[in-house]
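Hello,

Please find the structure below. My notes on it follow.

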Amino acid sequence: MQPLLKISGLMKSFGGVNATDDVNLEVKKQELHAIIGPNGAGKTTLISQLCGTLKPDAGTIEFEGRNITTIPAYKRAGLGITRSFQITSLLLAMPVLNNVALAVQARDSHSFRFIRAAHKISRIRDAALAALEQVGLQNRASDNTATLSHGEHRQLEIAVALASNAQLMLLDEPMAGLGPNESEKMIELLRELKGTHTILLIEHDMDAVFALADRISVLVYGKIIATGTPDEIRSNDAVRHAYLGEE
Amino acid sequence: MGTMSRKSLVTLFVLAALAILPPIFLWAGNAFYLDLATRLVILAIAAVSLNLILGYGGMASFGHAAFIGIGAYAVGIPAYHNTYGEFDLVASYNGMFQIFLAVGITAVFALITGVICLRTKGVYFIMITMAFAQMVFFMFVSLEVYGGDDGLVIDTRSEFPLINLDNPLHLYFLSFGSLVAAMLIVRTITRSQFGMVLQGSMGNDERLVSLGYNTFAYKLTAYVISGAMCGYAGALLGNFTTFISPEMMGWTRSGELMFMVILGGAGSTIGPVIGSALFVLVEELFSSYTIYWHLPFGIMLLAVVLFLRRGLLGVISGSGKNEGH
Amino acid sequence: MDFTLLFIQTINGLQLGLLLFLVASGLTLVFGILDFVNLAHGSLYMVGAFICASLTFIIGNFLWAIVISLPIIAFIGYLIERTIVQSLYTRNHLDHVLGTFGLILVLDTLAHLIWGPAGIAVPLPQWLDGRVELFEGVVVPTFRLLIIGTGLAVAAGLFWLVNYTRLGMLIRAGASNRTMVSALGIDIQLLFGLVFALGATLAGLAGMLISPITEASIGMGGEIIITAFVVIIIGGIGSIKGAFIAAIIVGLIDTLGRSFLDTLFKLVMSIEAAESSAPAVSAMLVYILMALILAFKPQGLFPPKVR
């Protein structure tokens with residue numbers, strides 16, 4: 001089967017430091033593929049190149065067999081790649097519902113619709129509410145986003161990704177800063193999404209990664225040193241040496 | 001919901017006052033106040049149009065007076081040629097044609113400058129919009145045909161069916177009706193799907209891009225709509241003053257317009273109207289006492305920036321935690 | 001083409017460029033370090049000119065008047081920073097613009113109250129009032145050469161300040177990062193006050209230097225501030241080097257455009273069309289230049305490293 005996402009020979013350096021060093025990676029449909037690596041391994045640089053906010057120096061990115069290396073960020077989203085943000089970048093001045101509704105609305109070919117009030121369009125409203133319900137935020141729909149807790153912001157990030165109906169969800173450290181209870185909730189949520197959505201998960205929380213991932217790639221100094229099932233990764237000498245050993 | 005209804009009450013009150021008071025002033029034999037109200041209402045249209053991009057799109061244009069100026073010259077130049085000959089292509093007193101010119105040219109100007117301005121952000125955007133306005137300012141200063149620095153007198157006002165702009169009351173109600181229309185347009189646009197994207201991009205542009213929106217195109221569209229509405233206000237202003245000069249588009253005018261929006265409260269329908277009302281009235285009051293009225297006026301502006309962050313409407317409508325909707 | 005005129009106009013262009021640099025360098029310094037947009041910078045230029053004009057009449061010597069005016073305008077700048085500007089640092093750039101817009105009205109009206117509505121012509125000492133024959137047929141006013149010399153000296157001084165001093169180190173490190181600066185154990189309040197005072201001094205000096213040519217007047221600040229902003233936008237906001245290069249370019253293009261554009265236009269269009277369009281185009285030339293540069297480099301020629 002053709003992989004959903006295929007990265008070949010991707011390179012990106014900043015002032016002589018290779019943040020992405022010949023990365024080759026395949027993400028299959030419906031899998032939850034996790035990328036782990038120590039701080040400064042180049043995880044966020046990789047995500048930025050995938051969603052198009054950063055241009056790679058060399059290499060190709062293919063999505064559904066199509067070369068998307070050079071197409072602009074907003075068009076990639078249109079193809080079905082969506083990302084969540086590490087530092088919460090939700091629209092804090094807007095109600096919770098609007099954050100999700102904007103993701104639903106983005107599925108349309110365009111939003112140059114000037115007349116009808118957006119909140120009265122039931123198609124958008126219903127889809128947004130459904131996404132909120134999936135992450136358990138349905139009761140907060142009309143609250144101001146700024147009033148939500150950190151954990152709820154994380155959940156809302158997932159709801160936004162869900163609502164955009166993405167074929168590939170890039171989740172950038174969804175557990176960051178969560179307490180044990182909230183982490184538990186988030187793992188549960190991701191487990192529910194697993195199998196129905198293709199997810200590329202970048203995460204620090206090892207327990208979460210090993211509990212959830214179908215496959216794991218280990219990124220160290222911009223290089224992928226191993227890819228495999230959680231069991232394979234656990235027993236991989238190179239990984240133990242370069243990464244797990246340090247923990 | 002409390003703030004919502006209070007905001008609506010304020011809106012109704014302000015609009016009712018603007019509908020009823022000026023004609024009463026006229027009948028009471030005080031035509032001066034009608035003039036004041038007309039100027040106020042026309043500037044309010046410009047402020048409402050600026051608010052569309054400033055208050056809902058986060059685009060702080062410091063060059064909106066240029067649109068007013070271009071709109072005014074779109075009335076003055078055709079009228080001039082109709083009176084003194086030459087350039088038959090545009091020579092006309094026809095108000096519909098002049099407004100078509102005003103709106104069309106400002107829209108095109110906004111489109112061209114917007115493409116460049118919107119590549120920049122923050123203080124660069126502020127300064128570039130200002131610089132483009134200066135460019136238009138200097139163009140008209142050096143156009144000797146139309147009076148250059150000294151400006152141009154409009155001998156004949158725009159001609160419309162049924163409306164006679166030489167009648168101050170007609171001019172006032174045309175302006176007032178236009179203001180209500182402008183407010184409705186901005187209100188509708190900002191609540192639409194388009195408006196959601198616009199406000200989203202103000203909150204976090206990168207997120208909107210990652211969702212798949214070409215935010216540049218949305219912002220540019222809003223910029224063009226705003227510029228064209230401001231051009232329309234300029235056409236009215238030309239008819240009101242019957243004297244136009246490059247001075248109307250100097251950068252201080254753009255600054256004043258921005259102040260009206262902030263003073264009243266950006267990002268609400270009625271805010272800019274309150275702001276321009278207060279601005280015009282205080283200006284009138286101070287300048288009737290002393291020729292040094294810019295001193296207290298400047299201090300007032302400073303005080304507004306330092307202490308009245310959310311604008312007057314923010315104060316009137318109480319805590320106002322739910323900004324916007 | 002008349003080469004004598006070309007040469008003289010090039011000198012004039014350089015003089016305008018260096019004057020612009022004096023104004024723009026203060027603006028860009030304040031922006032680069034304080035992250036503050038000062039629309040009222042032009043008013044400091046005006047106040048400098050008025051103070052120097054008054055002192056010239058009191059003590060009867062223009063150069064001594066400048067020497068005494070410089071610390072006065074620096075002190076005024078420091079006062080403004082302490083009383084108004086410092087409470088705007090935590091706000092966004094739009095608030096800076098609006099606040100200093102109010103400040104312009106206040107300063108301009110105060111100048112109006114103190115010095116009256118008419119401009120003040122400033123007499124030059126005799127030895128500066130003459131002309132110098134640089135070489136055969138090319139005669140240049142001595143005073144313009146003084147402006148050029150002063151501008152170059154200030155530029156050299158600023159380059160030294162930025163590249164070889166502790167303050168310069170802070171500037172280059174992107175000192176708008178307040179936490180970092182205070183971590184270095186520097187009194188931020190004092191540093192910011194001094195930087196603002198330095199900016200005010202540079203603007204004031206420019207105003208003093210131009211007042212014998214144009215006289216000190218209320219509107220002079222508003223005229224130069226926009227061009228100064230064009231300069232720092234072209235150069236890249238925060239960059240002294242950018243401000244210098246852009247100021248020279250803008251000064252030359254503006255001056256040469258006004259005197260030679262009609263000649264150029266006559267090569268490609270009718271004399272009548274050239275004579276009617278050249279003034280309009282030459283007045284817009286620097287803005288066209290700015291638009292072109294920004295279309296390709298949205299952050300100017302020397303963009304700030306982080307912002």
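Chain A

Of the 247 residues of chain A, 45% count as buried, where buried means that 20 or more other C-beta atoms, placed from the backbone, lie within 10 Å of the residue's own. The structure is a predicted model, in which local features need pLDDT of at least 70 and side-chain atom pairs count only at pLDDT 80 or more, while totals for chains, interfaces and linings use all residues. Residues are numbered from 1 along each chain as its sequence is written, and chains are lettered from A and ligands numbered from 1 in the order in which they are written.

Chain A has nine helices and 10 strands (DSSP runs numbered from the N terminus: H or I of at least four residues for helices, E of at least two for strands). Its radius of gyration is 18 Å, close to the 18 Å that the globule rule gives for 247 residues, so chain A is as compact as a globular protein of that length. The radius is taken over C-alpha atoms, and the rule is 2.2 Å times the number of residues to the power 0.38. Along the principal axes, the C-alpha atoms of chain A fill a box of roughly 55 × 40 × 40 Å. Of the contacts in chain A with a separation of 6 or more, 66% are between residues 24 or more positions apart; a contact means C-beta atoms, placed from the backbone, within 7 Å.

Between the chains

Two pairs of chains touch, and the pair with the most contacts is B and C. Chains A and C do not touch, and their nearest C-alpha atoms are 14 Å apart. The contact between B and C takes 37 residues from chain B and 36 residues from chain C. On the side of chain B, helix 5 (122–141), helix 10 (251–264) and helix 12 (294–307) each give two or more residues. Helix 5 of chain B gives the largest share, 14 residues.

Two helices in chain C

Helix 1 (residues 3–34) and helix 10 (residues 220–235) of chain C pack at about 70°, with axes 9 Å apart. Axes are lines fitted to C-alpha atoms over the stretch in contact, and angles run from 0 to 180 degrees between N-to-C directions. Helix 1 and helix 10 of chain C are therefore roughly perpendicular, a term for angles of 65 to 115 degrees. Among the residues that meet are C:Leu20 and C:Val23 in helix 1 of chain C, and C:Ile224 and C:Thr227 in helix 10 of chain C.

Regards

Methods
Angles under 35 degrees count as roughly parallel, over 145 as roughly antiparallel, 65 to 115 as roughly perpendicular and the rest as oblique. A residue is buried if 20 or more other C-beta atoms lie within 10 Å of its own, exposed if 12 or fewer, and partly exposed in between; C-beta atoms are placed from the backbone.
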